[in-house]
Structure formats: structure tokens, C-alpha cells
Amino acid sequence: MDAMTAPRQQAAATTQKTFDIRGMTCAACSARVEKVLSRIDGVVEAHVNLPLERADVTLMSGTPVEVLVDAVDLAGYEAIPRADVPAARRKAREEREASQRAEWRHLLLIFAVSALLTLPFLAQMIGMAWGGGHLLSPVTELVLGTLVQVIAGTRFYRGAWHALRGGSANMDVLVALGTTTAWAFSVYMLATRGHAAMGHLYFEGAATVLTLILAGKLMESRAKAGTTAAIRALMALRPETATRVTQTGEETVPVENLVLGDKIRVRPGERVPVDGMIEDGASSLDESLVTGESLPVEKAVGDKVVAGTLNGEGVLTLRADALGEDTTLARITRMVENAQTGKAPVQRLVDRISAVFVPTVVAIAVLAVLGWLINGADFETALIAGVSVLVVACPCALGLATPTALVAGTGAAARAGILVKDIETLERTHHIDTVIFDKTGTLTIGKPAVTDVVPAPGVSEDEILRLAGSVQAMSLHPLAGAVVEAARERGIALQPAEAFRSRTGRGVTARVDGVRVAIGNEALMAEEKAAIGVLSADFLRLEEEAKTVTFVARDGVVIGLIALADQLRPEAVMAVNALKARGVASRMLTGDSTAVARSVAARLDLDGWQGPVRPEDKGDEVTRLQGEGHRVAMVGDGVNDAPALSLADVGIAIGTGSDVALESAGITLMRPDPRLVAAALDIASATWWKIRTNLFWAFIFNVIGIPVAAFGLLTPALAGAAMAMSSVTVVTNAALLTRWKAKLD
């Protein structure tokens with residue numbers, strides 16, 4: 001960090017700005033734009049993503065955006081600021097996508113014309129390879145070669161000119177220099193030798209190189225579109241209009257015009273426009289593109305819904321609780337974009353290589369020519385070796401290797417309901433060997449439920465639930481709600497309760513149908529002089545199972561027990577088994593009693609557990625395991641988990657949890673399914689492996705291709721094919737990640 005940069009970074013007031021960058025063709029281009037932006041006074045940090053064609057810049061507040069635009073323009077590229085207003089941003093996105101489609105069609109047209117003009121050369125080369133065939137006349141070769149050089153070469157000349165004007169060199173420089181040299185040498189031979197130059201012309205080499213590179217660009221563009229499909233799908237989810245309910249009826253308004261508290265009507269088949277709570281109606285919602293949940297989710301009055309989900313068969317009336325950039329969908333989109341535009345540590349090495357790559361290749365090409373001439377070869381042989389070196393080198397593949405894998409991997413993860421905060425998190429996740437789970441709300445549902453109803457002789461279970469439910473319906477205690485819900489699930493009609501009284505720490509009493517009902521612990525039963533009697537053995541058994549037991553007494557006689565517990569999530573056992581299969585240890589921290597913790601740990605076959613643990617002690621346990629050399633991931637959903645989430649190598653928050661937990665975590669699971677923890681480790685490893693294989697292919701083409709070309713073993717045409725294939729191989733390899741699906745069985 002230089003002396004001028006340090007004060008800038010220490011300043012408090014900064015702002016984020018995103019630009020669409022036009023004109024980049026390879027890693028050298030993106031490195032050049034990033035370098036130009038980083039040098040501007042007022043810029044704290046700049047990241048440029050080649051496959052997404054965007055720059056994310058951290059600016060000092062008050063820094064004019066125009067300065068950045070002008071600097072990028074001077075460097076030979078175009079920077080277009082993204083709008084901050086949602087409506088303008090959506091319109092700009094639509095215009096950008098339309099422009100990209102138009103550019104692709106234009107490229108396809110140029111390729112088609114270039115391929116048609118190159119076909120005679122191809123037929124000639126095939127004929128010569130088979131020892132015969134018709135040779136084109138030198139004049140025909142000149143006409144065809146020149147047309148291809150003008151039609152197909154113009155985009156490379158333009159790119160090369162912009163790069164050189166900005167003081168850098170990119171792939172376009174290599175292509176333009178190589179093909180122009182081959183074409184110019186052929187023109188010289190034709191001008192000096194006339195018809196005798198036949199067999200010593202390289203118009204077909206230059207034309208074939210340009211055509212093959214255009215073909216590679218087309219395939220590369222199509223494959224890149226696949227890797228960015230996830231973010232485009234997310235951005236397309238939110239509807240542009242909403243039906244607002246007013247005192248005078250309904251009105252259709254733009255989503256941007258809604259305010260908090262508005263009543264929104266969502267009809268069958270429509271997407272939910274805002275985050276909100278259902279005030280009327282019931283339906284099933286398809287949340288697959290937001291949370292990754294494949295099956296529709298039933299929603300009723302009081303349930304929360306998120307923007308972008310698809311309404312099923314019912315009509316819903318919502319209260320708008322979050323709008324625009326505050327919605328869950330907007331947060332998801334931002335997280336996916338941030339992860340995709342990050343830069344892996346290995347990419348920084350690639351950037352340094354790319355910065356000197358083109359000048360190095362030009363130097364090798366010159367040395368190849370000189371080497372051949374010194375060793376007695378004619379100028380024609382030496383020149384073709386130099387041209388082949390220029391053409392085979394491909395900095396484009398180097399620049400695409402890491403970003404395309406990140407875009408594809410994080411996009412696939414988002415579709416499964418796994419949001420990765422940044423690339424550093426992805427790298428750390430790849431090395432995790434220990435996962436610590438919070439219990440409540442993570443391994444368990446986080447809501448008590450009735451597990452056992454034990455009646456005394458001569459009393460039915462339904463009678464116990466009828467009396468207990470009638471009394472507990474007047475209580476706000478979570479355990480009371482579980483009893484009421486259990487009674488209603490059995491279809492038991494509850495009766496009005498009178499003289500309700502809460503006994504703090506002991507239970508409640510009331511009168512139902514003229515009888516006195518007491519519900520509570522042993523202390524309350526002692527006050528009521530109600531003997532536990534024959535139910536003592538059941539009471540001890542249920543307590544050993546780590547369940548909360550409450551007694552039900554009628555007119556001073558205990559008539560039954562009700563046991564409650566926080567139920568394990570159905571997926572918890574599979575989640576732990578999936579981690580074991582990957583060689584990852586599973587541990588649990590909980591604030592519940594030792595008996596409860598022991599019971600849950602035994603049922604899940606965990607590798608370790610602690611309970612009761614205070615919130616501040618959870619972080620200490622994370623630190624202790626890290627001190628033993630473990631790479632630790634912490635999974636939680638509550639405010640009390642935030643310190644441990646921050647201290648862990650990777651914090652994983654359940655998406656239904658608190659905002660504090662989500663902000664503290666590097667990975668967010670959009671639905672409370674602990675099986676997604678193993679899936680997150682899988683996609684991190686898969687993405688990291690793709691990055692490494694991509695870099696291998698990007699380097700291997702150059703490591704092998706450049707020396708082979710320098711020694712004269714590669715024609716310009718074959719060099720062009722190798723160059724095109726290197727980029728296509730890298731992007732296609734990354735695009736395979738889009739097929740990844742979470743294994744949840």
C-alpha cells in the first residue's frame with residue numbers, strides 16, 4: 001500500500017458503485033481496467049469480473065463517477081454506471097441484455113460470412129493433405145483472404161487499437177499482429193513473385209485463424225450465458241407491478257410505488273411482489289427459486305411470504321413488510337452477485353501473470369524468428385513460426401478460468417438454497433473438517449410439541465387433552481400452545497375456562513365444566529394435594545428421555561401426564577450421516593440441560609456435545625477446536641449464535657433465523673434443512689476443483705502450445721484452433737457446474 005492509498009482507506013465515508021464494462025476480451029483487459037480504476041484518486045478498491053463484464057468499485061464519498069468513466073474510456077474501454085433506482089436499474093438491465101443479444105447476433109453474422117469465405121481455403125487444405133485437389137489461384141486467395149481480414153479482423157483491430165492507446169496489450173493485439181503479419185507477407189510474396197508465389201502464400205492461415213477464433217468466441221459466449229443463468233433468473237423473479245387494496249377497491253401500481261403497510265392482493269399464478277405477512281387467505285407457494293425447496297409450501301394467515309415466490313391456487317391478501325432492496329430476494333441477489341464478483345487468492349497470481357503475458361509472448365515470437373534465421377532457415381519459415389507463437393497464446397483462457405467457475409458454482413448453490421457471501425468463504429469451506437451445530441432451531445424444529453399423553457387408569461387421552469387444552473388456551477406460554485395444538489389436531493372441542501390463574505414457576509389452574517383443573521409441575525401438585533401415585537414410574541421414564549413433563553389434576557386427583565419436547569428435524573439424522581460420509585466431525589452446543597443434550601446427541605450419534613452452554617461460551621469452544629488445528633464451521637440461527645458464527649472459519653446461518661445471525665455468517669441456508677450443510681461443503685469443493693482444473697487447462701495450452709509453435713511444429717491455422725479451444729474448454733468445464741444438484745438423500 002502506497003502513502004497516498006493509506007489515508008484513503010482509513011477514511012470512514014465510502015460508497016459502492018457498479019459499472020458495466022464493454023470491450024474486454026481477455027485477462028489482460030480486465031487487469032488493465034482494474035489497474036486504471038485503482039489508480040484514480042478517491043478509489044479505495046476496484047474489482048473487475050471478466051465473464052460478468054462488470055466492475056465493482058469502492059469510492060470515497062463525493063468522488064465524481066464521471067472521472068472513472070473517463071479514465072476507463074481513455075484506457076480503450078467503455079464504463080456504464082449501473083442505476084441506483086430499482087426501476088431505472090431494471091430498465092438498464094433489460095437494455096444491457098438486449099445489447100448483448102444484438103452483439104451476439106452480429107458476431108454470429110460475421111462468423112457466418114467469414115466461414116463462407118474461408119471454406120475454399122479449407123477445401124484446398126484438405127485436398128493438399130490427401131495429396132491432390134484443386135489449388136486456388138493467387139489472386140483468388142488474395143481476394144478471399146483480404147475480405148476475411150477486413151470483415152472478421154476489424155473487431156480485433158479495434159480492440160488492439162483501444163488496448164494500445166490505453167498503454168496495454170491484450171489478446172486482440174496478438175491476433176491482429178499475427179494474422180496481419182501472415183497476410184502482409186503473402187501480399188509481399190504475391191507482389192514480388194506473381195503466380196510463382198503459389199504454395200508460399202498464407203492467406204488461408206490468417207483467414208482460418210480469424211474464423212476459428214470467432215467460432216471460439218461464439219461458443220464461449222453461449223457457455224458464459226449458462227454460467228450466469230442463476231443470477232439472471234433471480235433478478236427476473238420480482239414482478240414489476242402489484243395489486244394494491246385500498247378503501248375504494250383495487251389498483252394496479254408499479255412495485256416501486258408501494259409503501260410499508262400497504263395491503264397487497266396476490267391471485268393464483270402470480271408472483272409475490274414484496275416480503276410480507278398474510279392477513280387473509282391460504283394457499284401453497286412455490287419457493288423453489290428463492291429457497292431451493294422443491295415442493296410447494298402451505299401458507300395461511302399469520303405466515304410470512306417473500307418476494308419472488310409463486311402463488312398456487314388461493315387468493316392472498318398481504319401486508320407489505322419489506323420493499324425493494326430490503327426484500328429477501330434482493331438480499332439473495334446481492335449475496336450471489338458479491339460472491340460471483342469476488343477474487344480468489346489464486347486469481348491474484350493469474351492477474352500478475354496476465355499483466356506481463358502479452359509482452360512476453362511477443363518477445364518469444366521475436367526470439368523464435370531470430371532463432372530460425374540464425375540457424376539458417378529462410379525468412380518465410382521463421383516468420384510462420386513467429387506468427388504461430390502469437391496466435392496460439394491465449395490470455396483469454398487465463399482470465400476466464402477462475403471467474404467462470406465461481407459464477408457457475410455460486411449460481412448452482414443459490415438454486416439449491418445455499419448463499420455464499422464471498423470467495424474467501426468458499427475457499428475456507430473447502431477445508432472444513434468439523435461442524436458445530438446449535439441445537440434449537442437447527443437440529444430441532446425450535447418449537448415444543450406434545451410427544452406423550454399418559455392417562456391414569458379409567459381416564460382417556462382425549463379427556464386429558466380436552467381439559468388441559470381448555471385451560472392452556474388462555475395461557476401465552478409456548479408449552480401451553482403445544483398442548484392446545486395437540487388437542488386441535490385430534491379434533492377435540494375445547495371448552496371455556498373460568499377463574500384462570502397462573503402460578504409462576506409452577507403452572508396454571510382454572511375451572512372447566514364446573515371442575516377444578518390444575519396443570520403444572522410437582523410443586524403445583526403438592527399445593528393442590530394431588531398425589532402422583534401410579535404415574536410415578538412414567539414420570540421418571542419421560543424425564544430420563546429429556547422431555548418436559550406436566551401433570552394434569554382434576555378436583556385434586558392426578559389423572560394423567562403430558563410430555564413435551566422440541567422435536568428433532570426429520571432431516572437431522574441424514575445431515576449428520578452425510579457429514580460422517582465426508583469425513584467431517586459433527587458436534588453440538590446447546591443451552592439446554594445435560595439430559596436434553598445427551599439425549600439428542602445419542603439419537604444423532606454426534607462426535608461430541610456440550611450442554612448447558614452459555615452464548616458467550618459457544619465462541620470459546622470454537623476457538624478451542626481451532627487451537628487444536630481443526631477447521632471449524634458453526635451452524636446456528638439465533639442472536640446468541642452470532643459470536644460463534646463470526647469466530648468460526650465459516651459461519652453458516654439458517655435463513656429463517658435472526659438478521660444478526662445472517663449478517664455474521666459467510667453462508668446462508670435459505671431453508672431450515674441441516675442437510676444443506678453437507679451440500680454447502682460439496683459445492684465449495686466442486687467449485688474449488690473446477691478452478692484448479694480450469695487453470696490447468698488454461699496453462700497447459702500455453703505451456704505446450706507456445707514451445708511447439710516456436711519450433712515450427714504448428715501452423716497458424718492449427719495455432720488458431722488451439723487458441724479457440726483453450727477458452728472454450730475452460731468455459732465449458734466451468735459450465736458443467738451448473739448441473740450440480742444438492743444430494744439430500
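An open sheet of 3 strands in the order S10-S9-S12 shows antiparallel pairing; strands (E, at least two residues) and helices (H or I, at least four) are DSSP runs numbered from the N terminus, and two strands pair if DSSP finds at least two bridges between them. Strands S10 (297-299) and S12 (310-311) each have a single partner strand and stand at the edges, so one side of each lacks a neighbour in the sheet. Strand S9 (residues 283-286) runs antiparallel to S10 and is joined to S10 by 3 bridges. Ser 283 has Lys 299 of S10 as its bridge partner.

The model is predicted, with local features requiring pLDDT of at least 70 and side-chain atom pairs counted only at pLDDT 80 or more, while totals for chains, interfaces and linings use all residues. Residues are numbered from 1 along each chain as its sequence is written, and side-chain values use heavy atoms, with hydrogens and water left out.

In the unreviewed UniProt entry, the annotation "transmembrane region" covers residues 107-130, 142-161, 173-191, 197-215, 353-375, 381-401, 695-714 and 720-740. UniProt positions are given in the numbering used here, feature names are shortened, and annotations may be inferred rather than shown by experiment. Over residues 142-161 the chain is 90% helix and 0% strand, with 24 Å between the end C-alpha atoms.

Two helix pairs were examined. Helix H5 (residues 138-151) packs against helix H7 (residues 171-193) at an angle of about 155°, and their axes are 11 Å apart. Axes are lines fitted to C-alpha atoms, for helices over the stretch in contact, and angles run from 0 to 180 degrees between N-to-C directions. H5 is therefore roughly antiparallel to H7 (angles over 145 degrees count as roughly antiparallel, under 35 as roughly parallel, 65 to 115 as roughly perpendicular and the rest as oblique). The crossing of H5 past H7 is left-handed, a term used if the near helix is turned anticlockwise from the far one by less than a right angle, with right-handed used if clockwise. Contact (heavy atoms within 4.5 Å) involves Pro 138, Leu 142, Gly 145, Thr 146 and Gln 149 of H5, and Thr 179, Thr 180, Trp 183, Val 187 and Leu 190 of H7. This contact of H5 with H7 has 5 nonpolar, 5 polar and no charged residues; Ala, Val, Leu, Ile, Met, Phe, Trp, Tyr, Cys and Pro count as nonpolar, Asp, Glu, Lys and Arg as charged, and the others, Gly among them, as polar.

Helix H13 (residues 379-392) and helix H26 (residues 675-710) pack at about 165°, with axes 7 Å apart. H13 is therefore roughly antiparallel to H26, and H13 passes H26 in a right-handed crossing. Ala 385, Ser 388, Val 389 and Val 392 of H13 meet Asn 702, Gly 705, Ile 706, Ala 709 and Ala 710 of H26 in the contact. By class, the contact of H13 with H26 has 6 nonpolar, 3 polar and no charged residues.

A second open sheet, with mixed pairing, contains 7 strands in the order S14-S26-S25-S24-S15-S22-S23. Strands S14 (418-420) and S23 (608-610) are at the edges with a single partner strand each, so one side of each is left without a neighbour in the sheet. From one strand to the next, the twist averages 20°. Strand S24 (residues 632-636) pairs with strand S25 (residues 650-654) in the parallel sense over 4 bridges, and Val 635 has Ile 652 of S25 as its bridge partner. Helix H22 (residues 594-604) lies across strand S22 (585-589) and S23, running at about 160° to S23.
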